[in-house]
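Please read the following report alongside the sequence and the model.

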Amino acid sequence: MTALFVEDAYLSTAEARVIAVREDGGIMLDQTCFYATSGGQPGDTGFLERANGEKIIIAGTVTGESKSEIIHIPAPGQPVPDAGEELVMHIDWERRYNLMRMHTACHLLSVVCPYPITGAAVSETDSRVDFDMSETIDKAEVTAKMMELVNANHPIFTQWISEDDLAANPDLVKSKNVRPPSGQGKIRLVCIGEESAIDSQPCGGTHVSETAEVGEIHIGKIEKKGRENRRFRIRFGPAPD
Ligand SMILES: [Zn+2]
């Protein structure tokens, strides 16, 4: 199974061959552009187009036993493809693109608020990021700093490093509870700015390629979740007056 989204987050359609259909109906393909739920980013929806034009609606995408096993979950009542069948994959691009913009916004927030991250979840309309911090912080100020990064249109790119490189640079890891996957020998870094001047951190999600694509965003709310935990909510659009 080749995860095409790892190298190209903008691939919305591609061909694939059915490897197997699981007992639970989950469809396994030889390669996929469907992102599987992971790291707070929901998996893709969309459809598989058969040679006769028939559509198999995909309601969600998840990982199996291992992260490299990607399962496409059909909506109820869909036609069942045959093993070996060639299909064309189509992801719901509008939804995915919003998820890419929101996911990237979370990275920008982690630059503006350099505290350990204890949790995050991305959705099409908003995101939340939990930080291990006790300071009180002004949301308008955070919004202004995030929009500075958006407006500067910094490049975003990925870079592979070895596990040894990561071990030598433990500060790259911002999440407190989630360690990047180990044992595969290499780690994917998501870098922001020329020569990673703004940020770099391990991440397997999908991101836009320039910060300006994030568009206008604001911090909708900062909630106090315990003495040392702050939950930030990022929303699209201008901050309401
Ligand atoms: Zn990411």
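The report below covers the zinc site and then a pocket.

## Basis of the model

The model is predicted, with local features requiring pLDDT of at least 70 and side-chain atom pairs pLDDT 80 or more, while totals for chains, interfaces and linings use all residues. Residues are numbered from 1 along each chain as its sequence is written, and side-chain values use heavy atoms, without hydrogens and water.

## The zinc site

His-103 (NE2), His-107 (NE2), Cys-203 (SG) and His-207 (NE2) are the protein donors of the zinc ion, at 2.0 to 2.1 Å from it; donors are N, O and S atoms within 2.8 Å of the metal (3.2 Å for Na, K and Ca), and water is not among the atoms, so sites may look incomplete. Because the angles subtended by the four donor atoms run from 96 to 127 degrees, the arrangement is tetrahedral (four donors with all angles between 85 and 135 degrees).

Along the chain the donors follow the spacing H-x3-H-x95-C-x3-H. His-107 belongs to helix H1 (residues 93-112) and His-207 to the loop between strand S13 (199-202) and strand S14 (217-224), so this pair ties together parts that are 100 residues apart in sequence; helices (H or I, at least four residues) and strands (E, at least two) are DSSP runs, numbered from the N terminus. His-107 counts as buried at 5% relative accessibility, and His-207 counts as buried at 8% (under 20% relative accessible area, 1.4 Å probe, protein chains only).

## Lining of the second largest pocket

Strand S11 (156-162) and strand S12 (186-192) each supply at least two residues of this lining, with S11 giving the most, three residues.

Terms used: Tetrahedral: all angles 85-135°; square planar, octahedral: opposite > 155°, others 65-115°. Buried < 20%, exposed > 50% of the residue type's maximum accessible area, 1.4 Å probe, protein only.
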